Amino acid sequence: MGPMSSLRFAFFASKRPEAQAALPTLVQRYGQHSEADADVVVALGGDGAMLDSLRRRFGDSKPVYGMNRGTVGFLMNEYREDDLVERVNAAERAQLIPLSMSATDIHGREHTALAINEVSLFRETAQTARLRITVDGKVRMEELSCDGVMVATPAGSTAYNLSAHGPILPIGANLLALTPVSAFRPRRWRGALLRHDAKVTIDVIAPDRRPVAAAADNQEVRDIATVKVEADRSKRLTMLFDPGHALDERILREQFGF
């Protein structure tokens, strides 16, 4: 990033009225550039706005600075109109490494997508999903009967993963969380922590009778036979946080906040 005066911002607002209302004010004050020409993308809204902005950064890896104009702002900084250039220049960086999902459906078609939060599988009907889990080429669970299962990144560990009683992972942790959703058998299985470079394969048992969907964040594919998940280290993303509000601090607070 260049010297203070020359920072070029691209502001992006979610559809929320509060985010839309903040947009013209900030644009008038700091100017508006295209995301291609900007030094920093500023996302206004909740965590959804941050994730949308990050998803567009797979090509250029430009840093994203979020300001909270939504309900849940776990990935966002406090909203203030003043001192934006100074705040961005002083911000701490958090690096995110997305997951790549490669899903084969029951018709043999391949679907690929990237996930910042999690790759999840879930049953499509009232029938329980039955899944076989392989890690690094070794079958670790012959059959999990459940509503679903997910592989979550540290950034995603406080989202769907936390709702499913998965562990919270600090951003710097070189770990992935493998977390079941409503495990029926084995009933007491709470999931596993995996190395960040683990390759996870999940096979659907009887996918025609017990249909299962897969999603990379919000990109969904239905009638899945097999899903392969691994980190894609070629696609690093950068989030910016005000000092003392870094994601590590939030994750720590969240763990002691029950």
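Analyst: Helix H2 (residues 47-55) is mostly covered, with seven of its nine residues buried, where buried means under 20% relative accessible area, exposed over 50% and partly exposed in between, with a 1.4 Å probe and protein chains only. Helices here are DSSP runs of H or I with at least four residues, strands are runs of E with at least two, and both are numbered from the N terminus. This is a predicted model, in which local features need pLDDT of at least 70 and side-chain atom pairs count only at pLDDT 80 or more, while totals for chains, interfaces and linings use all residues. Residues are numbered from 1 along each chain as its sequence is written, and side-chain values use heavy atoms, with hydrogens and water left out.

User: Which residues in H2 are buried, and what covers them?

Analyst: The buried residues of H2 are Asp47, Ala49, Met50, Leu51, Ser53, Leu54 and Arg55. Their cover includes strand S1 (9-13), strand S2 (40-45), strand S3 (64-68), S4, strand S15 (219-221) and strand S17 (237-241).

User: Switching topic, which domains does the assignment give?

Analyst: The protein chain is assigned domain 1 (9-96 + 236-256) and domain 2 (99-231), with bounds that come from an automatic or database domain assignment. Taken over C-alpha atoms, the centres of domain 1 and domain 2 are separated by 28 Å.

User: How many residues are in contact across domain 1 and domain 2, and what area do they bury?

Analyst: In domain 1, 14 residues are in contact with 15 residues of domain 2, contact being heavy atoms within 4.5 Å. The two domains bury about 1,200 Å² between them, 74% of it on carbon and sulfur atoms; buried area is the accessible area (1.4 Å probe) that two parts lose on being put together, summed over both.

User: OK, now Ala215: where is it found, and is it buried or exposed?

Analyst: Ala215 is found in strand S14 (residues 212-216) and is buried, with a relative accessible area of 4%. Not counting residues up to four places away in sequence, Ala215 touches Met101, Glu118, Val119, Ser120, Phe122 and Glu220.

User: Last one, what does Thr201 contact?

Analyst: Thr201, in strand S13 (residues 200-204), is buried at a relative accessible area of 18%. Leaving aside neighbours within four places in sequence, Thr201 is in contact with Arg132, Ile133, Thr134, Thr226, Val227 and Lys228.
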